[in-house]
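I opened a new notebook page for this one. Here is what I looked up, in the order I got to it.

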Amino acid sequence: MQKWHHIFHKSTGLSPYVWVVFYILPFYSIFRSSSMDRWVYGIVMIILFFACYVLAFKSRGWLVYFWTSVQIVVSITMTLMFGYMYFALFLAFFIGNIQSRAGFFTMYTIHLLTTIVAINYELITRNPVFLSQLPFVLVSIIAVVLLPATTYNRNNQDKLQGQLEDANKRISELVIMEERQRISRDLHDTLGQKLSLIGLKSDLAGKLINKNPAQAIIEINDVRQTARSALKEVREMITQMRGIRLEDELVRIRQLLQAAEIEFELEGSPKLENTSLITENVLSMCIKEAVTNVVKHSGASQCRIQIEPSRTELVIKVSDNGKGLDAANLNYKGHGIQGMKERLEFVNGCMEMQHINGTTIIIKAPTVIRQLEMEAKEG
């Protein structure tokens with residue numbers, strides 16, 4: 001159940017000013033009566049209805065249905081006594097927010113039947129106040145029929161969407177964990193034995209350098225050969241890893257933004273020459289997540305990606321001119337930011353966010369691996 005302050009309805013398809021009219025109308029209906037006793041009775045009914053409405057939002061379990069039942073009684077009483085049936089709209093919205101399937105259909109049926117019976121009674125008795133607002137009554141009947149079902153289905157879709165996002169996030173975490181474990185095993189199997197051999201031969205060469213220089217030189221040459229062999233295996237392992245090229249990912253990003261009617265601007269070359277394949281793979285996934293946030297949350301009309309390579313690191317900026325994300329209320333998990341940070345940490349990268357004239361995500365990744373490879377080739 002939503003919180004009680006949702007008595008001020010949102011996202012119901014009706015303008016908030018319309019709901020303000022519904023808040024005021026019961027007093028107008030009451031004051032049309034000439035009897036002071038009816039005035040007092042009507043005001044008590046209004047206060048009782050909204051008190052039960054708040055209590056129903058704050059309650060749990062059977063109390064929700066109890067307070068809802070009291071509201072139904074008050075709504076029917078107001079319809080019969082004053083010709084005011086618009087409390088049925090508040091009830092229709094509230095019933096649509098009941099999460100229990102059985103509870104929803106039960107209260108929906110009771111509310112619909114009692115409202116139709118009360119309206120028919122007013123029509124049979126030809127209440128002049130009621131007949132004068134007959135067009136609005138007909139519209140309200142349609143809302144009583146459709147609004148609960150619409151609200152209930154929308155809430156279920158939101159719930160399923162949240163569960164789907166949680167499942168996708170969990171899958172992503174498991175994939176990252178499995179990938180880390182796989183890389184760890186491959187590195188251990190590939191480099192463990194050779195590094196141990198390099199260490200032993202280095203110690204032996206250190207001991208022989210004064211006693212037997214010729215043998216020490218042989219051991220050092222073996223260390224050199226073993227190091228080159230290990231480096232070659234690491235390169236092969238990185239090459240065999242399934243990766244996403246940034247250049248290919250930007251093609252899909254351009255198509256996504258075009259479908260969302262967001263102007264795309266690219267600065268810099270997507271061909272990364274001094275970045276390893278695994279780092280490029282991580283960067284591609286992070287940029288994809290950042291652009292997805294732009295499409296889903298920013299309301300932007302323009303998205304710019306800037307690629308700024310340097311000798312020591314690669315900087316990629318994803319910026320938009322949208323409404324931005326409130327840093328005080330930002331749900332990092334909900335926007336995939338935490339997952340991006342974890343991926344970047346895996347390759348010793350980092351990420352920053354700026355909220356000036358929209359949102360800018362700054363992604364940084366080092367190029368140390370490729371530099372070491374180049375130095376090893378030169379050596």
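Is Ala-365 buried or exposed? I found Ala-365 buried, with a relative accessible area of 2% (buried means under 20%, exposed over 50%, partly exposed in between, with a 1.4 Å probe and protein chains only).

Before going on, I noted the ground rules: this is a predicted model, where local features need pLDDT of at least 70 and side-chain atom pairs count only at pLDDT 80 or more, while totals for chains, interfaces and linings use all residues. Residues are numbered from 1 along each chain as its sequence is written, and side-chain values use heavy atoms, with hydrogens and water left out.

**Entry: around Ala-365**

I placed Ala-365 in strand β5 (helices, H or I with at least four residues, and strands, E with at least two, are DSSP runs numbered from the N terminus). Leaving aside neighbours within four places in sequence, I listed its contacts as Thr-279, Leu-283, Glu-313, Leu-314 and Gly-349 (contact means heavy atoms within 4.5 Å). Glu-313 sits 52 residues away along the chain, yet its C-alpha atom is 5.5 Å from that of Ala-365.

**Entry: the sheet**

Next I traced the sheet. It is open, has five strands in the order β1-β2-β3-β5-β4, and its pairing is mixed (two strands pair if DSSP finds at least two bridges between them). At the edges I found β1 (263-267) and β4 (350-354), each pairing on one side only. Neighbouring strands are turned by 15° against each other on average, direction ignored (axes are lines fitted to C-alpha atoms, for helices over the stretch in contact, and angles run from 0 to 180 degrees between N-to-C directions).

A reminder to myself: strands of a sheet pair through backbone hydrogen bonds, either parallel or antiparallel. How do β4 and β5 run? They run antiparallel, and five bridges join β4 to β5 (residues 360-366). I also spotted Gln-354 opposite Thr-360 in β5.

Helix α10 (residues 277-298) does, touching β2 (302-309), β3 (313-320) and β5, and its direction makes about 10° with that of β3.

Helix α9 (residues 246-259) packs with α10 at an angle of about 10°, with the axes 10 Å apart. I therefore put α9 and α10 down as roughly parallel (under 35 degrees; over 145 is roughly antiparallel, 65 to 115 roughly perpendicular and the rest oblique). On the α9 side the contact includes Ile-253 and Leu-256, and on the α10 side Ile-287 and Val-291 are among the residues. I sorted the contact residues into seven nonpolar, two polar and four charged (Ala, Val, Leu, Ile, Met, Phe, Trp, Tyr, Cys and Pro count as nonpolar, Asp, Glu, Lys and Arg as charged, and the others, Gly among them, as polar).

**Entry: aromatic pairs**

Last, I searched the whole structure for aromatic pairs and got six (ring centres of Phe, Tyr and Trp, its six-membered ring, within 6.5 Å; planes under 30 degrees apart are stacked, over 60 edge-to-face, the rest tilted). One of them is Trp-62 with Phe-66, edge-to-face at 6.4 Å centre to centre and 65° between the planes. Both lie in helix α3 (residues 62-82), four residues apart, about one turn of the helix. Trp-62 is exposed at 61% relative accessibility, and Phe-66 is partly exposed at 40%.

The rings of Phe-104 and Tyr-108 have centres 5.6 Å apart and planes at 5°, so I logged that pair as stacked. Both belong to helix α5 (residues 101-125). Phe-104 is buried at 2%, and Tyr-108 is buried at 15%. With Phe-105 and Tyr-152, they form one aromatic cluster.
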